[in-house]
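Please read the report below alongside the sequence and the structure.

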Amino acid sequence: MIPYGKQNIAQQDIDAVVAVLQSDFLTQGPVVPQFEQAVARYCQAPHAVAVNSATSALHVACMALDVTQNSLVWTVPNSFVASANCALYCGASVDFVDIDETSGNLCVLALAEKLRHAQETDRLPDVVIPVHFAGQSCDMEAIAKLARQYGFKIIEDASHAIGGRYQSNPVGHCDYSDICVFSFHPVKIITSAEGGMAVTQNEALAQRMRSLRSHGITADPALLTEPSHGPWYYQQQALGFNYRMTDLHAALGLSQLAQLDQFVATRNKLAQHYDALFAQVEGVTPLAQSENQYSAYHLYVVRIADSTRQLHQYLVSQLRAKGVFAHVHYIPIYLQPYYQQQGFKAGYCPASEAYYHSAITLPLFPSLTAPQQQQVVDTLSQLLCDWQHTQTALKE
């Protein structure tokens, strides 16, 4: 079985983890801040806050931006549920902005129209969370322009996109956002086994997220409300969480970060090879890529022309049966039973639903070989031919 994604672990990664195991610190030691500083340097941003998952990073980012039960947060349906759940953790309300079917990313025109209507009804969002789907950045300059016009904050969910670039800067530079969040899950671009990072240009936001990831506790003399009782003294100043990253995880992430550019370059070459192969296959269209950016290519997604639910299910099931672990990213969040119970109904974001029923994620990871790519393309092509022949026979 060719997986749709997997980690790429080298001996240097193993050595980095073993070095921590042999050190004096396994959890909160010197490696976590080293990893934070390295990610901040890579993104050309001054502050990075490591946590135990991207979900945790999204949560503390919302809290740092004062998302509460009176807040409204908008995101896109085409994402993992964490992109919306993070606002619910704060007691906020969530709403969804439709996507551009050709890229899978937030549609700026749909956002602008929804904002105009929201202003008329006095229900503008406090925070918008654009998701850089499959590794390609949203049009952040256009979204930031709308943020200035309508007064909302921006959290970039870049869980798929570390190593990518938007315009001339790395994703995570935060020129057009308040906070940017990365994921280091094993199927992502680089991994720390589990882990996430929030990057920002704002020192106050960084300080608040650091506090929230560790129970809201500080021992910093400059922040204490009274003189210290002694070297053991600390204060809980907010209700935070145990979202800390360990040195073990940070060591793996730091080692992987050194390989990030090569991983992304390889993913781009593999994607280009797929594009060339699929150019010869009728009815299969890869996601569109913008000219002003460089995708991290976390996922390689194609759309099937004239897809139906039956065809979609047939293709994914049969690809897996024939050794290609195809997947689908994503079921629109508001179609999940939990969100249906909140009042969302099918048809709410038509482009997201049309995309969902036609999209297939195909294997993409640095160690994928050219013969494996050919196998993927040939298998999908043959399945489409078989389906067409079957449908023609049924009509006759």
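The model is predicted, so local features need pLDDT of at least 70 and side-chain atom pairs count only at pLDDT 80 or more, while totals for chains, interfaces and linings use all residues. Residues are numbered from 1 along each chain as its sequence is written, and side-chain values use heavy atoms, without hydrogens and water.

The chain is assigned a domain 1 (11-255) and a domain 2 (260-395), with bounds from an automatic or database domain assignment. The contact (heavy atoms within 4.5 Å) takes 39 residues from domain 1 and 36 residues from domain 2.

| Domain 1 and domain 2 | Value |
|---|---|
| Separation of centres, over C-alpha atoms | 28 Å |
| Buried area | about 3200 Å² |

Buried area is the accessible area (1.4 Å probe) that two parts lose on being put together, summed over both. Carbon and sulfur atoms give 59% of it. On the side of domain 1, Glu 101, Gln 136 and Ile 189 lose the most area to domain 2, together 20% of what that side buries.

Glu 101 sits in the loop between strand 3 (93-96) and helix 5 (108-120); helices (H or I, at least four residues) and strands (E, at least two) are DSSP runs, numbered from the N terminus. Leaving aside residues up to four places away in sequence, Glu 101 touches Leu 287, Arg 303, Ala 351, Ala 354 and Tyr 355. With Arg 303, Glu 101 forms a salt bridge whose closest N and O atoms are 2.7 Å apart. A salt bridge is a side-chain nitrogen of Lys or Arg within 4 Å of a carboxyl oxygen of Asp or Glu. Between the two domains, the count is one salt bridge.
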